Amino acid sequence: MASPNQPRPKGRGAPVSPPNRFETARLEDDLEQLQHSEPPPGRVATEFFADSSQSVICKNNSPDIPFRYSINPYRGCEHGCAYCYARPGHELLGMNAGIDFESKVLVKRDAAKLLRRELASKSWRGEPIAVSGVTDCYQPAERCFRITRSLLEVMAEANQAVTLITKNALVLRDLDLLAPMAARKLVHVGVSLTTLDASLARTLEPRTSSPEARLRCIRELSAAGVPVRAMTAPVIPGLNDEEIPQLLAAAKEAGAVSASYILLRLPWAVAPVFLEWLDAHRPLARAKVESLIRASREGALNDSQWGKRMRGDGAYAESIRQTFAVFARKHGLDQPSPPLDTTQFRPPTVGGQRMLF
């Protein structure tokens, strides 16, 4: 737990930096020294590092994930969502799942080059690829690095089917690529719509697009012919679960064709980050929210079992499932997204020459 005397970084989702579970030692601030010194800067600048990965397409074998292949252009995410299940991944890099996750971002600068090589492989058959799934491909860093756009350019050339997942209206920048791909049934976009409460979004998801901007994003993508799935995720018991009817109604009005949800997940170091966020921003709701999370996870804060981790268990989790089902059906959002056409795939050129075999 963070000390009340310890300054909280401004504009960030994580009020704490939990210890890395893989490290045997860590540095702690001397609170007595901090109290008698000048206050540190209130904002933490984002640092960017080159990711030297030699491949970009990842294969997924999880039975409760709807895609087999994915690409994440960035490791770490500036959005800084307090609930982000991807935070523990930074511990594998020798960093922490708190401030480090959202302020030390690895950039896959060679992603488009690697993708072109992998799509040109004789073994690749044009199966759909999900871009994002761990960290957001349209996080603020994308304005500068344009990694996601470079990937889309390669996919458009190869007629590669793709789904994009984001909570940032920056995706509209790439409508010139997405609209023609959608006309060829090559792309879907999933837009995360967590809350309609702008004040809640500003602290829970501090560097994402506002709820109003996300609805505008759904509206403009849909108007351009791009199928959009509204992702009311995560559903946080006692915090935003009561918004499910309004979220689905707003998504439908904006033009979404389908919807889905995921119950809040708090694996490993995500739990202390989220609970500290509650203490900092919703202290009066802390006990209720934690109690309902545990009621939905058989007394625990997290359950990693396949089939249960996304939906939870128990009476309260079932009430969320039923509520979502009723209103998704009411608004015609309970259907799957239109199928993607993988038959158009053709290997891209490599070094100016298309693969012959």
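Student: Let's start with T195: is it buried or exposed?
Tutor: This is a predicted model, and in it T195 is buried, with a relative accessible area of 3%.

Student: Where does T195 lie?
Tutor: You'll find T195 in the loop between β8 and α7 (198-204).

Student: And which polar contact does the side chain of T195 make with another side chain?
Tutor: That one is with the side chain of E243, at 2.6 Å. The T195 side chain also reaches a backbone atom, the nitrogen of D197, at 3.0 Å.

Student: Leaving out residues up to four places away in sequence, what does T195 touch?
Tutor: With those left out, T195 touches L200, A201, P211, E243 and L247.

Student: You mentioned β8. What is the strand order in the sheet?
Tutor: The order is β2-β3-β6-β7-β8-β9-β10, an open sheet of seven strands with mixed pairing. Its edge strands, β2 (58-59) and β10 (258-263), each pair on one side only.

Student: In which sense do β7 and β8 pair?
Tutor: Strand β7 (residues 162-166) runs parallel to β8 (residues 187-192), and they pair over five bridges. To find your place there, look for I165, which stands opposite G190 in β8.

Student: Which strands does helix α8 touch?
Tutor: Helix α8 (residues 211-223) packs on the sheet against β8 and β9 (228-235), with its direction at about 165° to that of β8. Helix α12 (residues 315-330) packs on the sheet too, touching β9 and β10, and its direction makes about 170° with that of β10.

Student: Switching to the inside: how many residues has the largest nonpolar core?
Tutor: It has 66, and I57, L115, L119, I129, L164 and L221 are those with the most contacts inside it. Helix α5 (residues 147-158) gives the most to this core, with seven residues. Apart from it lies another core, of 23 residues, among them I236, V270, W277 and I293.

Student: Which residues of α3 are buried?
Tutor: In α3 (residues 111-119), the buried ones are A111, A112, L114, L115, E118 and L119. Seen down the axis of α3, they fall within an arc of 160°, so they line one face of the helix.

Student: What covers them?
Tutor: The cover over the buried residues of α3 includes β3 (69-71), β6 (129-131) and α5.

Key:
Residues numbered from 1 in each chain as written. Predicted model: local features only at pLDDT ≥ 70, side-chain atom pairs only at ≥ 80, totals over all residues. Heavy atoms only, no water. Pairing = 2+ DSSP bridges. Helix = DSSP H or I, 4+ residues; strand = E, 2+ residues; numbered from the N terminus. Contact = heavy atoms within 4.5 Å. Axes fitted to C-alpha atoms, helices over the stretch in contact; angles between N-to-C directions. Core = buried A, V, L, I, M, F, W, Y, C linked by side-chain atoms within 4.5 Å. Buried < 20%, exposed > 50% of the residue type's maximum accessible area, 1.4 Å probe, protein only. Arc of directions from axis to C-beta. Polar contact = N/O pair within 3.5 Å; in protein donor to acceptor, adjacent residues only side chain to side chain.
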